[in-house]
Amino acid sequence: MSGAGDELDASHILRAAGRTAVAWRNGGGVTREVAVHPPGAGWDTFDWRVSLAEVTADGPYSPLPGVRRILTVVAGAGTELTVAGVSRLRADRYRPLAFPGGAATAGRLLHGPVVNLNVMLREGRARATVEMVRGSRRVAAGPGSWAGSGTDGGRSAGHGVLVMALEGPTRLSAPGEPVVTLERFDAVWLAGARAAAAELGTDGVAAVVTLSA
């Protein structure tokens with residue numbers, strides 16, 4: 001995929017086309033990792049993890065004791081989740097739902113497959129907020145920068161903002177930096193050595209995930 005955003009270092013532009021699909025053991029879907037801290041961490045060692053899951057069948061979720069989950073349906077009609085014996089109807093897209101990963105959880109598709117944005121946080125080691133944005137707004141990257149730093153675009157620090165296009169193109173700009181254009185499920189990581197803020201504009205919906213470890 002080409003565009004103005006490709007002028008920036010690829011370490012902090014996370015294109016959807018570059019992600020690897022990992023099939024679930026129960027055959028109910030696949031997961032594509034978007035970003036993880038520490039970089040390269042596995043299931044037992046991550047502080048936080050952001051991924052997209054394509055769910056094609058009803059079934060239980062893998063138990064994750066000690067992990068807080070924030071799930072947002074970003075494509076499809078929705079899912080009815082049962083968490084620790086309590087049903088939570090998720091008929092609407094773009095409504096984040098937090099629940100403990102260690103609780104017995106099962107999902108029932110309402111009207112066909114869905115795609116979920118999953119943010120997983122190790123309790124006591126990471127925090128996050130998930131916002132759905134329409135139109136335009138300023139994205140404060142906090143103690144970071146637009147372009148990031150280091151070989152991984154600043155993700156090794158564990159603190160920053162992940163912006164993902166969910167519906168319609170999303171554009172980000174900052175003084176002195178080229179405009180980044182994100183297509184569906186592309187993401188960009190905002191972190192680094194100097195303080196800065198980016199302007200976000202979307203023709204549809206974008207996710208803004210603020211993370212700290």
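**Exercise 1. Is arginine 138 buried or exposed, and which partner does it meet in a salt bridge?**

Step 1. Arginine 138 counts as exposed, at 54% relative accessibility. Here buried means under 20% relative accessible area, exposed means over 50%, and partly exposed is in between (1.4 Å probe, protein chains only).

Step 2. Before going on, a word about what you are looking at: this is a predicted model, in which local features need pLDDT of at least 70, side-chain atom pairs count only at pLDDT 80 or more, and totals for chains, interfaces and linings use all residues. Residues are numbered from 1 along each chain as its sequence is written, and side-chain values use heavy atoms, with hydrogens and water left out.

Step 3. Now look for the partner: the side chain of arginine 138 meets that of glutamate 199 in a salt bridge (2.7 Å, N to O). A salt bridge is a side-chain nitrogen of Lys or Arg within 4 Å of a carboxyl oxygen of Asp or Glu.

Step 4. This pair links distant parts of the chain, with glutamate 199 in strand S17 (residues 197-212) and arginine 138 in strand S12, 61 residues apart. Strands (E, at least two residues) are DSSP runs, numbered from the N terminus. Glutamate 199 is partly exposed, with a relative accessible area of 34%.

**Exercise 2. Which residues are closest to the centre of the largest pocket, and which strand gives the most to its lining?**

Step 1. Start with the volume, which is about 630 Å³ for the largest pocket. On a 1 Å grid over the protein atoms alone, a pocket is an open set of points with protein on both sides within 12 Å along at least five of seven lines, a cavity is a set where a 1.4 Å probe fits but cannot get out, and lining residues have an atom within 4 Å of a point. Grid points are joined across faces, edges and corners, and a volume is the space filled by probe spheres set on the points.

Step 2. The largest pocket is lined by 25 residues, and the closest to its centre are Trp24, Arg25, Thr31, Trp43 and Ser62.

Step 3. S4 gives the most to this lining, with four residues.

Step 4. By class, the lining has 12 nonpolar, seven polar and six charged residues. Ala, Val, Leu, Ile, Met, Phe, Trp, Tyr, Cys and Pro count as nonpolar, Asp, Glu, Lys and Arg as charged, and the others, Gly among them, as polar.

**Exercise 3. How many cavities of 30 Å³ or more does a search of the whole structure find, and which strand supplies the largest share of the lining of the largest cavity?**

Step 1. The search finds one such cavity, and about 80 Å³ of space lies in the largest cavity.

Step 2. Of its 15 lining residues, Val55, Ala57, Gly59, Tyr61 and Gly107 are the closest to the centre.

Step 3. S10 supplies the largest share of the lining, three residues. Seven lining residues are nonpolar, six polar and two charged.

**Exercise 4. Where is arginine 90, and how do strands S7 and S8 pair?**

Step 1. Arginine 90 has its place in strand S8 and is buried, with a relative accessible area of 2%.

Step 2. Strand S7 (residues 79-83) and strand S8 (residues 86-90) pair in the antiparallel sense over five bridges.

Step 3. S7 and S8 form a hairpin with two residues between them, and alanine 84 in the turn has a positive phi of about 50°. Two strands pair if DSSP finds at least two bridges between them.
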